[in-house]
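Work through the exercises below with the sequence and the 3D structure side by side. Try each task before reading its solution.

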Amino acid sequence: MINAALAEELGRIVGPRWVRHRRAELATYTMDGLPTHESYPGIVVLPGSRDELIAVVQFLHRKRVPFVPRGAGTGLSGGAIADGNAVLVALTRLTRIISVDPVARRAVLEPGVVNARLSEAVAPMGLQYVPDPSSQTACTVGGNVAENAGGPHCLKAGVTTNHVVELEVLLPDGSLVHLGSRHGDAWGPDLVGLFVGSEGMFGIACAITVKLEPIPASIRTMLADFPSVRGASEAVSAIIASGIVPAALEMMDQACVMAVESSIYAAGYPTDAAAVLLVELDGAPSAVEAEYAVVEPILRRHGARTVQSADTPLERARLWQGRKKAFGAMGRVAPDLAVQDAVVPRSALPDILDQVNAIRDRYQLKISNVFHAGDGNLHPNISFDRRDPELSERVQAASREIMKVCVAAGGSITGEHGVGSDKIDYMPLIFDAETLGAMQAVRRVFDPAELANPGKVVPVRACREWAGTPAARARQEVA
Amino acid sequence: MSDSIALRLRQLLGNEAVERDASGLPRAVPDSTENAARVLSAAHEQGWRVRIEGRGGWLAADAPADLALSTQSLARLTSVSPADLVASVEAGVPLDQLHRRLADDGMWFAVDPPGRPERSLGSVIATAASGPLRQGFGTIRDHILGLTVVTGDGRIVRAGGKVVKNVAGYDLGKLQIGGFGGFGLVTELNLRLRALPRADRTLIARASRDRLTNAGRTITEGRLALHALELFSPALAAESDWVLAARFLGTEEGVAAEVHRLPSVTEEITWQELPADRTAAFWHLAARATLGGAVTIRLGVLQPGLDDVLDLVRDVLGEGLVSAGAGTAGGIRWSGEAQPDALRSLRHQVAQQEIPMTLERAPWTLRRQVGHFGAYREGVGQLVDRLRGTFDPGALLSVALSGE
């Protein structure tokens, strides 16, 4: 179905210059942020308006051509890549902030708005958009909705799903539905909650209403360095148990600190520390002061050698720099990076990190850990060179073992990156056949023809069949 | 027929797990998710209509059915992890019991829904009813990490997980939270907990409604860190005037500073702090007072529109018992006596302002006529119907989501 004629017809909708179908043009779109999955899409189309987007999806539905929605392509699950039989619908030209209501603290956006740009746009009103994935200067809010993205500041304020209240969704059959309401309460069941995190398989959010939050009056960032990872992990649990939920609670291990400090992003982190902990407190000045008075001794009690703290934006940025640029710094260590995203119960962190290190040693790999310690979301990053097949195989095997260890501790296979192509084989580790079947059935409610982002998230072979009853079949036929 | 149903249920669950309600209707009281699944599977095979019951603390058990399915024996706290601030519980657990048990370990489930303190957790999930603490901690959906649901045809679906951050697969649990049981019976839940706050202080002000909603606005503009800011009507608060209640949680010093700031941002009203030993009782009474009318509705409305919508509700339904979020969370809850036409009319009028109205509680005849939801926006009704068809293919769960 993918051929020059199809490209030409798409060109009639969006203009020929916004359709790519020559191999060299497609090369940009063969991967997302994860180098381990690569695939050439059949065609890439870049609609320039909501109307063009609707026309594209309606056209593709008429032709029964599968499509993959894509934002900035910064995802880390191989979710926004398409094979040669599908059209990649890039939403990066839909960048309008449609409206901002500073009193009700709401903003309505097109899906291609870059995450950080939204916060910049509302900053003069004293407001911000809280979820802040590390890729926030590039990633789009539409992509954040698809992945239910998190970020360092989601510990206290929640992830994307806690900040999206209303969606105008273009279903894969080209029809529009309005989910949720700007007020936050739903019209009926919580379909916004169901849609967020559906990884582009339920349709495309073409207008997104998000909550805005006030920029905190006071922010204090602390950097503590520990002689042991265990001490740092236990400090994390102790802080949370004290009743204080910091705005962010991030950890980096020595390998990660070394990578940062030997890069252009060097932030002055102590390279002899086994672990570095970043703690950020925000709120009213008095509350921050009071929480600091509790947190600082907890850090010391659990073995922190030094605790630096900063209140000014410049100083805080310096403390954050190493964390924010950790992924970039690791790029120097080796050409490729396998990024993991498992979550474990906070209390299991020290043991899990020991086990990850044991796996590292057994497979003789370079692993650096940088993670959202406050919510147990690990990012063990394996540096490698994918041109070396034997090494790549070891990376795959080690990744799988790390995942199994995390699942065995009662965790999850992904905390914020999504399943995409990368973790689809891990899904049966945490969901039984019936639950996977339910996911597939819900997917079919939104997309009966299964045209949107086919083959991702749900391992269809592992599903128990749903919608098998006569009544359900009849309904499907009607649908 | 009811004898043959009771017999079949006894074969499935044993004698002790089958009762009769006051009208003689067979009632299955399974003690596990698997047994609940056996009941719903059998009902699906036989085409029996099923009414889901909790502890009777919210909705009356009056939906027409061939059998009742109760969560009363699904009331265990399966596991509690103070280090992770996560608990796994069964849906029939009474809320007050849950709170007490968690408090023993210094933990807290930060929800305060309307109704009796002993209402079941499952009823809170089904109705997605949140109370004043939604200002500080979000609505009930923000506290649920994972859940187990038995579908109308007896399948067991385990959505989400036990960790505080998780994007594996679609977020199926969201459909059940606020689904009024129309998509299955929730049997088990994993809850996100918090450590009990060190300080918990409540101040109240009595004044006219306008002055208090205005105070709500200035508090929002002043960006005070508070965790509840709820407006109560005179009838609900059993006072002669409207009451605005502000609740501050956190460290002693942090709370003290915010409490100190409160009068300076709301100069036009006078605050009075409740004695520490009366704080809990004040909020409990307010939650319970909602039951003073046979009908409860909630409206999703943000603070800027609060005054107008409060007027509209009064004009259409009467004074009733009102609570409303005067902070950023917004929301109005109204309880009283109401006729179907008035409810439909109000739903129609607020829909024009894109404000959803949910019927949270009413006798069956009214639920059937008005529906918990209804007035869906374009295309949503179809999705809801298809989802119901997926999770209750025999259409046997006796729930009036959309009304007539």
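The model is predicted: local features need pLDDT of at least 70, side-chain atom pairs count only at pLDDT 80 or more, and totals for chains, interfaces and linings use all residues. Residues are numbered from 1 along each chain as its sequence is written, and chains are lettered from A and ligands numbered from 1 in the order in which they are written.

**Exercise 1. Helix α14 of chain A**

Solution. 
Step 1. Helices (H or I, at least four residues) and strands (E, at least two) are DSSP runs, numbered from the N terminus.
Step 2. The expected span of a helix is 1.5 Å times one less than its number of residues.
Step 3. A residue is buried if 20 or more other C-beta atoms lie within 10 Å of its own, exposed if 12 or fewer, and partly exposed in between, with C-beta atoms placed from the backbone. In α14(A) the buried residues are A:Val395, A:Ala398, A:Ser399, A:Ile402, A:Met403, A:Val405 and A:Cys406.
Step 4. Seen down the axis, these buried residues fall within an arc of 160°, so they line one face of α14(A). The arc is that of the directions from the helix axis to the C-beta atoms.
Step 5. The face turned away from the buried side carries the exposed residues A:Pro389, A:Glu390 and A:Glu393.
Step 6. The cover over the buried residues of α14(A) includes β16 (336-339), α13 (349-363), β18 (380-384) and α15 (427-430) of chain A.
Step 7. After α14(A) comes A:Gly410, with a positive phi near 90°.

**Exercise 2. Helix α9 of chain B**

Task: Repeat the analysis for helix α9 (residues 252-265) of chain B.

Solution. 
Step 1. The 14 residues of α9(B) should span 20 Å, and the end C-alpha atoms are 21 Å apart, which agrees.
Step 2. B:Gly254, B:Val255, B:Glu258 and B:Leu262 are the buried residues of α9(B). They fall within an arc of 90° seen down the axis, so they line one face of the helix.
Step 3. B:Glu252, B:His260 and B:Ser264 are exposed on the other side of α9(B).
Step 4. The buried residues of α9(B) pack against α10 (285-301) of chain A, together with β12 (199-207) and β14 (242-250) of chain B.

**Exercise 3. Strand β12 of chain A**

Task: Which strands pair with β12(A), and in what sense?

Solution. 
Step 1. Two strands pair if DSSP finds at least two bridges between them.
Step 2. β12(A) and strand β14 (residues 275-283) of chain A pair in the antiparallel sense over nine bridges. Here A:Ile219 stands opposite A:Asp282.
Step 3. With strand β15 (residues 306-310) of chain A, β12(A) has an antiparallel pairing over five bridges. A:Asp225 stands opposite A:Thr306 there.
Step 4. Seven of the nine residues of β12(A) (residues 218-226) are buried, so the strand is largely enclosed by the rest of the structure.

**Exercise 4. Contact and core**

Task: Describe the contact between chain A and chain B, then the contacts of A:Val45.

Solution. 
Step 1. Two residues are in contact if their C-beta atoms, placed from the backbone, lie within 7 Å. The contact takes 83 residues from chain A and 71 residues from chain B.
Step 2. On the side of chain A that touches chain B, α16(A) gives the most, with seven residues.
Step 3. A nonpolar core is a set of buried Ala, Val, Leu, Ile, Met, Phe, Trp, Tyr and Cys residues joined through C-beta atoms within 7 Å. Of the 285 residues in the largest nonpolar core, A:Val45 and A:Leu277 touch the most other members.
Step 4. Leaving aside neighbours within four places in sequence, the contacts of A:Val45 include A:Leu10, A:Trp18 and A:Val89.
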